[in-house]
Structure formats: C-alpha cells, structure tokens
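Hi,

Here is the structure I promised to pass on.

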Amino acid sequence: MTTKFRQSYQVIDKSLLRWFPGHMNKGMKQMQQKLKSIDCIIEVHDARIPLSGRNPDFRYNISGIRPHILVLNKMDLADLSFKQKIEEKIKAEQNISKVIYTNCKDALCPGVKQILPAALSLIKGSNRFNRSENIDSRIMVIGVPNVGKSSLINSIKNTILGKKSSAPVGAVAGITRAVQNQIKISHDPLVYVLDTPGVMSPVIKNIETGLKLALCATLPDHLVGEEVIADYLLYWFNKNNNFEYVSYLNCDEPTDDIRIALAKAAIYRQASIKYKNYDGAYIYRPDLQGMARNFLNAFRTGVFGKILLDNDLV
C-alpha cells in the first residue's frame, strides 16, 4: 500500500515561533554599542540550515561594511553535497566575505584553524576607521541561539593558545545572555573576541523556517512543543523519501501520523506513563512526549545520517 504524505506543513500556531526574551533585545543593543571597537564580524550558524533562520537584523544593524565571515558549524551532522552551491548563493546574495565550515567538537578541525588567518587577512584589507592606529584586532562573534558561538571561541583559543574554555557553553538555547568581556585568543598578533548572546529575529514569518530552527534546537523545545517538532521531522523525512525513521521507531511501514509512530516506538521500548483512572485503578499509556524527545535527540546527534534541511532552497 502506498502511503499518501502531506505536501505542506501548516499545523502550528504562528505565535509559538515568536521568541524574543528581554535579554535578546538588550544583547542586540549591547552589540551595537560595541561596534566602534570591532574590526570584523564572525557569524555562526548551523550547517544543516545554512540558508534558513539567520537573523536578518545582523546584516543591517551589526555587520554593515565590516568584514563578515559566516561560519557554518556542526558540519559533522550536515549533508555537504551542495556545499559549493550554498557558498556561491550566500556570497552572491549577501554581504559575506567568506564562508567556513567547522565542527567545534573536533580538536583538529581544519575549518577552525582557517578562521583567525581569514579574519586577520580581511581586517588588513579593510578600512578600520577610528581603529586604524590600534595594534590589536577585535572580532565580534554573533548568531542565533545554540549554534556553537561560545564553543567556536573556545576551539579557536585552544587551537592557538592551548588554553581551556573561557566562554560558557551548553546544549540548550540561551546559555550566553549578555555581551561577554573580551577574550584574548592570540598574543602575537594580539587578537580579542567578544562572545554575544544568541539573538533571534523578533518575528519568524515563515513556519518552516521556524520549525527548522526548532529542530536544530535554536529555540527551546517547550516553546513549540516536542511532539510538534517531531511531527515536522516526520513530515520532512517523508517529503524527502528518507525512511530511516521506520526501523528506529519500530513502524511497520512509513507513516504520516506522528502519534502512531511515537506510540509504536513507546510500546516497543516499553516507555509508558502511569495514570490513575476514575475508579482508582492505575492504567498505563505510551509515553508519546518521551518518545518525541527521543526521536528529536536521535536526529540532533546524527543517528539518521547527515542531513541538509535546506535542500529545497539550494
């Protein structure tokens, strides 16, 4: 039997995708105040969504005419088949000086080693305005939440200075909540970086863009709902004829119903929640939310292979 899959994803309240806490607004203002002392902007984004979800305000309010490097992190989880096309598209349509792919978890990542030389080369060839007499170079690292900004700074510092972490990191969005003090990443030449809080666009107009961001954990799961995000992941897999999830969720065949898929997975893994019935007896139901969380974690850790969520935009 051939399953008829959804052709578009629309079942979501758009208000769920508006997440702009007070610290983000404050962070954006702090970044703008620091711009006079900045020579180069490094924007970090998730390599699985290289064309979706970047904050457009960065382009107009932060980078301006300064050298702007886009670092696509988490490349170990991304399908890089369209790497060249993506780089060409980004450079042609935006004011990006260079695109570099990284995996900050890899201590020997070649991309991490490219960043500082690339930034210094761009700074040398740029108009530093009021900073032309300064011997130090200052770089601001920006991006939406949970794309690896702090991890990138720590990786660069460790590669060059051989020192341990300076910027706090975490696996959820919103760990860095204010513009941090400058962090020295090189003695000779003298280079400092500023870590900044992840800042989303105040309004995410496109539903799929918001769900891709949620799927990559740049939005807290509870805001959108784990079952909703898992449903979008199921929709994306089916749309792209990727049925790796079938065996993982213990389904008999591909399905377009996330509740059926999660229920089968929960029953197979004996994951249940105990409820008290009206007569006082206890009943057990499949833990759908727990399995949704498990499904998302499997995607985020690469269980289903390397994926490019933006393949429809290339």
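**What I found**

Gly148 is buried, with a relative accessible area of 16% (buried means under 20%, exposed over 50% and partly exposed in between, using a 1.4 Å probe and protein chains only). Before going further, a word on the ground rules: this is a predicted model, where local features need pLDDT of at least 70 and side-chain atom pairs count only at pLDDT 80 or more, while totals for chains, interfaces and linings use all residues. Residues are numbered from 1 along each chain as its sequence is written, and side-chain values use heavy atoms, with hydrogens and water left out.

**Around the annotated site**

Back to Gly148: you'll find this residue in the loop between strand E4 (137-142) and helix H5 (149-161). Helices (H or I, at least four residues) and strands (E, at least two) are DSSP runs, numbered from the N terminus. Not counting residues up to four places away in sequence, Gly148 touches Val44, Asn73 and Cys104; contact here means heavy atoms within 4.5 Å.

Asn73 sits in strand E2 (residues 68-73) and is buried as well, with a relative accessible area of 4%. Leaving aside neighbours within four places in sequence, the contacts of Asn73 include His45, Asp46, Thr102, Asn103, Val147 and Gly148.

Both residues turn up in the UniProt record. Its "binding site" annotation, from an unreviewed entry, covers Asn73, Lys74, Met75, Asp76, Asn146, Val147, Gly148, Lys149, Ser150, Ser151 and Gly198. UniProt positions are given in the numbering used here, feature names are shortened, and annotations may be inferred rather than shown by experiment.

Helix H4 (residues 110-124) packs against H5 at an angle of about 85°, with the axes 10 Å apart. Axes are lines fitted to C-alpha atoms, for helices over the stretch in contact, and angles run from 0 to 180 degrees between N-to-C directions. That makes H4 roughly perpendicular to H5 (65 to 115 degrees; under 35 counts as roughly parallel, over 145 as roughly antiparallel and the rest as oblique). From H4, the contact uses Val112, Lys113, Ile115 and Leu116, and H5 supplies Leu152, Ser155, Ile156, Thr159 and Ile160. By class, that contact has six nonpolar, two polar and one charged residues. For the classes, Ala, Val, Leu, Ile, Met, Phe, Trp, Tyr, Cys and Pro count as nonpolar, Asp, Glu, Lys and Arg as charged, and the others, Gly among them, as polar.

The other crossing pairs helix H10 (residues 258-268) with helix H11 (residues 288-300), at about 95° and with axes 9 Å apart. H10 is therefore roughly perpendicular to H11. On the H10 side are Ile258, Arg259, Leu262, Ala263, Ala265 and Ala266, facing Leu288, Met291, Ala292 and Phe295 of H11. These residues divide into nine nonpolar, no polar and one charged.

**Aromatic rings**

How many aromatic pairs does the structure hold? There are eleven aromatic pairs; rings of Phe, Tyr and Trp (its six-membered ring) pair if their centres lie within 6.5 Å, with planes under 30 degrees apart counted as stacked, over 60 as edge-to-face and the rest as tilted. Tyr232 and Tyr235 make a tilted one, 5.7 Å centre to centre with 40° between the planes. These two tyrosines are three residues apart in helix H8 (residues 226-239), so about one helical turn separates them. Both Tyr232 and Tyr235 are buried.

Phe295 and Phe304 form an edge-to-face pair, 5.7 Å centre to centre and 80° between the planes. Phe295 counts as buried at 0% relative accessibility, and Phe304 does too at 7%. Phe295 and Phe304 also belong to one aromatic cluster with Phe5, Trp236, Phe237, Phe243, Tyr245 and Tyr248.

**Links across the sequence**

Phe82 lies in the loop between E2 and H3 and is partly exposed, with a relative accessible area of 31%. Leaving aside neighbours within four places in sequence, Phe82 contacts Leu308 and Val314.

Thr3, in the segment before helix H1 (22-34), counts as partly exposed at 23% relative accessibility. Thr3 and Thr255 are 252 residues apart in sequence and 6.9 Å apart in space, C-alpha to C-alpha.

Cheers
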